[in-house]
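Please open the structure in the viewer and keep the sequence alongside.

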Amino acid sequence: MLPTASDPSVRWPYLKRHEMRIVLVTGATGAIGKAIARQIAGRPDTEVVLACRNAQKAGQAVREIVETTGNRRVRYELVDVSRKSSIQALAERWRGPLHVLVNDAAVTPRRRQETPEGVELQLATNVLGYFWMIQAFADHLERWAPSRVVNVASYWAGDLDLADLEFRRRHYDNNQAYRQSKQADRMLTAAFAERLGPRGISVNACHPGDVRSALSNNLGFGGHQTPDEGARTPVWLALEPIGHEQSGKYFEQTQAVCCPFASDRESVNGLYEACLRF
Ligand SMILES: NC(=O)c1ccc[n+]([C@@H]2O[C@H](COP(=O)([O-])OP(=O)(O)OC[C@H]3O[C@@H](n4cnc5c(N)ncnc54)[C@H](OP(=O)(O)O)[C@@H]3O)[C@@H](O)[C@H]2O)c1
């Protein structure tokens, strides 16, 4: 019998029928991340792991997702993505397959803050958090290739200063630090796509949507889209064939958009090398 469009093996042609797709989502207690996790859990044969820092919020998010989707294969793992050691511990205790990593967790503190390791918090969470997650889970993803990474970035991006990534010389402005971090996410997408492509791992970035959240409120923005609308493009990249057919690309509203940051190879490699030093 020919497969139909609702057959999961059509959406994910590399898996055998009834094999699970395992998806790890950071930021899954937040506005967009929770919608991403819920939409993915609502698809057939998917298992979703919420990577969260707060056990109470994580447990609540798992219960909500299980109730609304009926998918009982939803659980959480605790991790602080602003800390390399916490990410490494999660990767070390990870057992079994991993097919998709969605990097979504981010912060926009109004005053400059540092992690206990002394790294400026937006750089640590929004940039190094993505970088360290990809690095730490690359071997897992390779084992289950073809696999993929989706980096939730933004169209609101710019102001990256490679010589002052932590706002030690510049006056800290949370909007400028955020724009820098999202530019970096788009650049690192290109850097990792090149390095991980030969290992069967595709890496893409996207703007989700404009959604009211703790993050957007800190920047003084509201948001005219629902979390589900914001989750649409990241989920599309996480599950549909496009997320494997393309790599190193940046998408808005399910359309590839030319990214000037990603095409500046010298800066992309400079940023990658800078991240390796943390
Ligand atoms: N909202 C928008 O309009 C918009 C527009 C463009 C791009 N984006 C991007 O979309 C993504 C999600 O944003 P959002 O608006 O949904 O933000 P949000 O509601 O504030 O959610 C942020 C999430 O990140 C988690 N997080 C923060 N620091 C963490 C850490 N150190 N360790 C583990 N988890 C941590 C938060 O956990 P807690 O719940 O524990 O705080 C929360 O789950 C971000 O990458 C953002 O840049 C958003």
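**The ligand and its surroundings**

Begin by selecting the ligand, which sits in the largest pocket of this predicted model. The elements that contribute two or more residues to the shell around the ligand are helix 2 (31-41), helix 5 (121-143), helix 6 (174-196) and helix 7 (214-218). Next, display the 30 residues that surround the ligand; the closest are T29, K57, D104, Y178 and S213. Coloured by class, this shell shows 15 nonpolar, nine polar and six charged residues.

Select K57: a polar atom of its side chain lies 2.7 Å from an oxygen atom of the ligand. Proceed to D80, where an N or O atom of the side chain is 2.8 Å from a nitrogen atom of the ligand. At D104, the atom to find is a backbone N or O, which lies 2.8 Å from an oxygen atom of the ligand. On its own, the ligand has 900 Å² of accessible area, of which the protein covers 92%.

**Backbone details**

P146 lies in the loop between helix 5 and strand 5 (147-152).

Then select F167, in the loop between strand 5 and helix 6. F167 is not a glycine, yet its phi is positive, near 55 degrees. Is F167 buried or exposed? With a relative accessible area of 3%, F167 is buried.

Finish at T254, in the loop between strand 7 (250-252) and strand 8 (255-257). T254 also has a positive phi, of about 60 degrees, although it is not a glycine. T254 counts as buried, at 17% relative accessibility.

Terms used. Residues numbered from 1 in each chain as written. Predicted model: local features only at pLDDT ≥ 70, side-chain atom pairs only at ≥ 80, totals over all residues. Heavy atoms only, no water. Near = heavy atom within 4 Å. Polar contact = N/O pair within 3.5 Å; in protein donor to acceptor, adjacent residues only side chain to side chain. Areas by Shrake-Rupley, 256 points an atom, 1.4 Å probe, with all protein chains shown as cover. 1 Å grid on protein atoms, 1.4 Å probe; cavity = no way out; pocket = protein on both sides within 12 Å on 5 of 7 lines; lining within 4 Å. Sits in = over half its atoms within 2 Å of the grid points. Helix = DSSP H or I, 4+ residues; strand = E, 2+ residues; numbered from the N terminus. Nonpolar A, V, L, I, M, F, W, Y, C, P; charged D, E, K, R; others polar. Buried < 20%, exposed > 50% of the residue type's maximum accessible area, 1.4 Å probe, protein only.
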